[in-house]
Amino acid sequence: MALDHYEFFEKSPVAGAPLIFAFHGTGGNEHQLTELVGDLLPGAGIIAPRGDVSEHGALRFFRRRAEGDYDMEDLALRTQKMVDFVAAHKERYPGRPVCGLGYSNGANILASVTMERPDLIDRAALLHPLIPWQPEPVEGLNDRSVLITAGRRDPICPWPMTERLVAWYKEQGAAVMTAVHDGGHELRDGEINALAQFFETHLETT
């Protein structure tokens, strides 16, 4: 069953609250972002899968050959696996706003899901994504909202690639919000504030 594709953390939403899918970064686990989501949206439901790829013991959502050199065949297979997982859990909470939140490798798998199935995620928050390929145009993102955060000196996610991703989402018609600092791959307060604003602006909670 698609529900069992991953080990995952789950918290059910309160009445009327959104459902948040949270995707950890390399070396994290299903608990990496749950406290952050809980602080920002106390009533929200959380589905946080654990990456099932081990890179020298560090959990990830898909394989790579080196930094920024993805195994694209593996990414395609695992994107479909994640699409099935998200769709199966979304069906359990019909009518709820659905948001995805991902950091680093988690942002990458989330971005890939939005490219494959734009209808699944209403709002996608991509924290320090790295998409080293040029995505093909897709239909269905024109009514979606995307937050992209980055560091201009991020050694893992080069700023020009982030700019290219921002431009791509805008070209697809998505409403894009950005939060950029002058540092590296670390999350900073400005990004968390932007994330809070993104949730507050686009998601209703009770």
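**A loop residue and its surroundings**

Mentor: Asp-154 lies in the loop between β10 (145–151) and α4 (159–171), where helices (H or I, at least four residues) and strands (E, at least two) are DSSP runs numbered from the N terminus. Residues are numbered from 1 along each chain as its sequence is written. Please keep in mind that this is a predicted model, in which local features need pLDDT of at least 70, side-chain atom pairs count only at pLDDT 80 or more, and totals for chains, interfaces and linings use all residues, while side-chain values use heavy atoms, with hydrogens and water left out.

Asp-154 is buried, with a relative accessible area of 5%; buried means under 20% relative accessible area, exposed means over 50%, and partly exposed is in between, using a 1.4 Å probe and protein chains only. Once its neighbours within four places in sequence are left aside, Asp-154 is in contact with His-128, Gly-183, Gly-184 and His-185, contact meaning heavy atoms within 4.5 Å. Asp-182 is 28 residues away from Asp-154 along the chain, and the C-alpha atoms of the two are separated by 8.5 Å.

Now consider the elements on either side of this loop. β10, α4 and β11 make a right-handed β-α-β unit, and a crossover is called right-handed if, with the strands pointing away from the viewer, the path from the first strand over the helix to the second runs clockwise. β10 and β11 run parallel and are joined by 7 bridges, where two strands pair if DSSP finds at least two bridges between them. Within this pairing, Gly-151 stands opposite His-181 in β11.

The buried residues of α4 are Trp-159, Thr-162, Leu-165, Val-166, Trp-168 and Tyr-169, and what covers them includes α3 (105–116), β9 (123–127), β10 and β11 (175–181). Just after α4, Gly-173 takes a positive phi of about 95°.

Among the elements that cover α4 is α3, which has 12 residues and reaches 17 Å from its first C-alpha to its last, close to the 16 Å expected. Because 11 of its 12 residues are buried, α3 is largely enclosed by the rest of the structure; among those buried residues are Asn-105, Ile-109, Leu-110, Val-113 and Met-115.

Finally, a word on the cysteines. The structure holds 0 disulfides, a disulfide being a pair of cysteine sulfur atoms within 2.5 Å. For Cys-157, the closest cysteine sulfur is in Cys-99, and at 19 Å it is too far for a bond. Cys-157 counts as buried at 3% relative accessibility, and Cys-99 is buried as well, with a relative accessible area of 0%.

Note on methods
The expected span of a helix is 1.5 Å times one less than its number of residues.
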